[in-house]
Amino acid sequence: MSEATLKDRINDALKTAMRAKEKERVAVLRLVMSEFKKIEVDERIELDDARVLAVLDKMVKQRRDSETQYRNANRPELAEQEAYEIREIQAYLPAALTAAELDAIVVKAIADAGVTEARDMGKAMGLIKPQVQGRADMSDVSKLLKAKLSN
């Protein structure tokens with residue numbers, strides 16, 4: 001049998017959390033699975049690991065934004081809930097890239113794409129995104145790429 005997909009691993013974790021009566025964890029994993037289901041139904045596709053990573057990455061980003069807003073609004077209990085959800089979702093994302101690893105990927109993509117100007121960033125981003133999805137914040141990647149191209 002082939003290795004379990006990321007989606008299958010999350011579904012198995014949901015079942016385990018349900019058996020262990022871990023209410024908070026079950027709630028987060030159900031949110032994740034419902035997001036997968038929504039996309040699959042809307043687009044009539046079966047999510048692969050790359051798309052699952054993209055969805056998880058987006059969910060983490062949304063929660064980071066919410067956490068910041070809650071902290072700014074002096075709502076620590078809601079901010080803590082968002083932080084908990086971030087930790088649960090991040091458990092299924094690959095380890096974050098170090099600054100040096102990210103820098104190396106960006107430099108290689110610039111060379112491989114033959115990009116010399118910021119207006120051609122899209123070519124390099126097309127090479128970078130699959131390598132860093134779920135492992136780095138894409139806005140940070142974009143800033144780094146822009147900085148490299150403007151030098």
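# Close-up views of a helical chain

**View 1. A loop residue, A136, sits between two helices.** A136 belongs to the loop that joins α6 (121-132) and α7 (138-150). Welcome to this predicted model; we start at A136 because this residue is buried, with a relative accessible area of 13%. Which residues does A136 touch, not counting those up to four places away in sequence? They are D57, L97, L102 and V141.

View 2. Of the 151 residues in the chain, 35% are buried. Take the contacts between residues at least 6 apart in sequence: 55% of them join residues at least 24 apart. The accessible surface comes to about 9600 Å², and carbon and sulfur atoms account for 51% of that area.

**View 3. Four aspartates form a negative surface patch.** The members of this patch are D8, D12, D48 and D49. Let us pick out D12, which is placed in helix α1 (residues 6-19). D12 is partly exposed, with a relative accessible area of 42%. That value matters for patch membership because a patch residue needs over 30% relative accessible area and no salt bridge. For the charges of the chain as a whole, there are 27 positive and 27 negative side chains. The centres of these two sets lie 2 Å apart.

**View 4. R44 has a positive phi in a loop.** Look for R44 in the loop between α2 (23-43) and α3 (49-72). Its phi is about 50 degrees, a positive value, although R44 is not a glycine. Is R44 buried or exposed? R44 counts as exposed, at 77% relative accessibility.

**View 5. N74 also has a positive phi.** This residue is found in the loop between α3 and α4 (76-90). Phi of N74 is near 60 degrees, and N74 is a residue other than glycine. With a relative accessibility of 63%, N74 counts as exposed.

View 6. Q90 is part of helix α4, and its relative accessible area of 32% makes it partly exposed. Which residues is Q90 in contact with, leaving aside neighbours within four places in sequence? The two are V60 and R64. For a sense of distance, look across to P130: the C-alpha atoms of Q90 and P130 are separated by 18 Å, and the two residues are 40 apart along the chain.

**View 7. Q69 is an exposed residue of a helix.** Helix α3 is where Q69 is found. At 57% relative accessibility, Q69 counts as exposed, because exposed here means over 50%. From Q69, you can look across to M138, which is 69 residues away along the chain. The C-alpha atoms of Q69 and M138 are separated by 20 Å.

Terms used. Residues are numbered from 1 along each chain as its sequence is written. This is a predicted model: local features need pLDDT of at least 70, side-chain atom pairs count only at pLDDT 80 or more; totals for chains, interfaces and linings use all residues. Side-chain values use heavy atoms; hydrogens and water are left out. Patches are made of residues with over 30% relative accessible area and no salt bridge: like charges are joined within 9 Å, nonpolar side chains (Val, Leu, Ile, Met, Phe, Trp, Tyr) within 5 Å. Accessible areas come from the Shrake-Rupley method with a 1.4 Å probe; for residues, only the protein chains shown count as cover. A salt bridge is a side-chain nitrogen of Lys or Arg within 4 Å of a carboxyl oxygen of Asp or Glu. Lys and Arg count as positive and Asp and Glu as negative; His and the chain ends are not counted. The place of a charge is taken as NZ of Lys, CZ of Arg, CG of Asp or CD of Glu. Helices (H or I, at least four residues) and strands (E, at least two) are DSSP runs, numbered from the N terminus. Buried means under 20% relative accessible area, exposed over 50%, partly exposed in between (1.4 Å probe, protein chains only). Contact means heavy atoms within 4.5 Å.
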